[in-house]
Amino acid sequence: YQRRVRGGKFRGTYNAKESGDHDLFVYWSNEPVPGSPFLIHVEDSLPPSSMIKTTGGRMLQTDTVHRAGDSIELDVDTQDAGDGQLAAVAIGPKGDAVPVEIIANRNRTFTLKLLTSKGGRYLVNVYFNGSHIPNSPFKVRVCNPEAIWAEGPGLMDSFVGELGDFQVFTRDAGHGTLSVRVNGPKDKFRVDMWKGADRTVNCRYNPEVAGKYTINIKWEDEHVKGSPFSILVRKRPENGDS
């Protein structure tokens, strides 16, 4: 069965009556299209793992960046798959194996818990009878603001006209967005930022007015170590002043 869809495309449907290898021939104006015939392998039935359902949990929130130290859960329903063994293992940001706790609930349902300790991407592999369940492996993005630090003369007291240079080190922070804001006597100041080596971010601002300044450095809208930084910018003493 075939039918035309939009954009000069056609959609075909077939129903294999027997398992094994089948040749699928596709023609245009009685000429085979490139690649035809296509080899189709048909198995007797779907594996039991394909019947597994994921019914909830923060692990399904693919657009969320989780916080290091959080427990990320996944609810799994195996009722339609019959008897079998559920197993799970995660691969951490450094390629290391991270254990996943499996809690048995009632009616062949389970809750999986991944405890994150580092920033980065985790791949959670969930198996039933040795085969991946639908959508496995699950991707989990984790940020760790506590793994970030900043240093440099721009975070210390200085004089008017001295450029405020400092660096922010984000190598072990995982997924997230860095924001830097400098507030002073003239409210917000422009901050120039550019990438350095090994996920280092270079920052610079120019304090043109004497007074107190506050430097807010955040990762995923959370303050990093030491932030906010409070500094005092003074007028440089003129010759003869003490």
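I worked with a predicted model, in which local features need pLDDT of at least 70 and side-chain atom pairs count only at pLDDT 80 or more, while totals for chains, interfaces and linings use all residues. Residues are numbered from 1 along each chain as its sequence is written, and side-chain values use heavy atoms, without hydrogens and water.

**Strands.** I looked up strand S12 (residues 109–115), which pairs with strand S9 (residues 71–77) in the antiparallel sense over seven bridges; strands are DSSP runs of E with at least two residues, numbered from the N terminus, and two of them pair if DSSP finds at least two bridges between them. In this pairing I found Leu 114 of S12 as the bridge partner of Ile 72. S12 also runs antiparallel to strand S11 (residues 97–104), with five bridges joining them, and here Ile 102 stands opposite Leu 112. Four residues lie between the strands of the S11 and S12 hairpin, where I noted that Asn 107 takes a positive phi near 60°.

**Rings.** I counted four aromatic pairs, meaning rings of Phe, Tyr and Trp (its six-membered ring) with centres within 6.5 Å. Phe 25 and Tyr 27 are stacked (planes under 30 degrees apart), because their planes meet at 10°, with the ring centres 6.4 Å apart.

Notes
Rings of Phe, Tyr and Trp (its six-membered ring) pair if their centres lie within 6.5 Å; planes under 30 degrees apart count as stacked, over 60 as edge-to-face and the rest as tilted.
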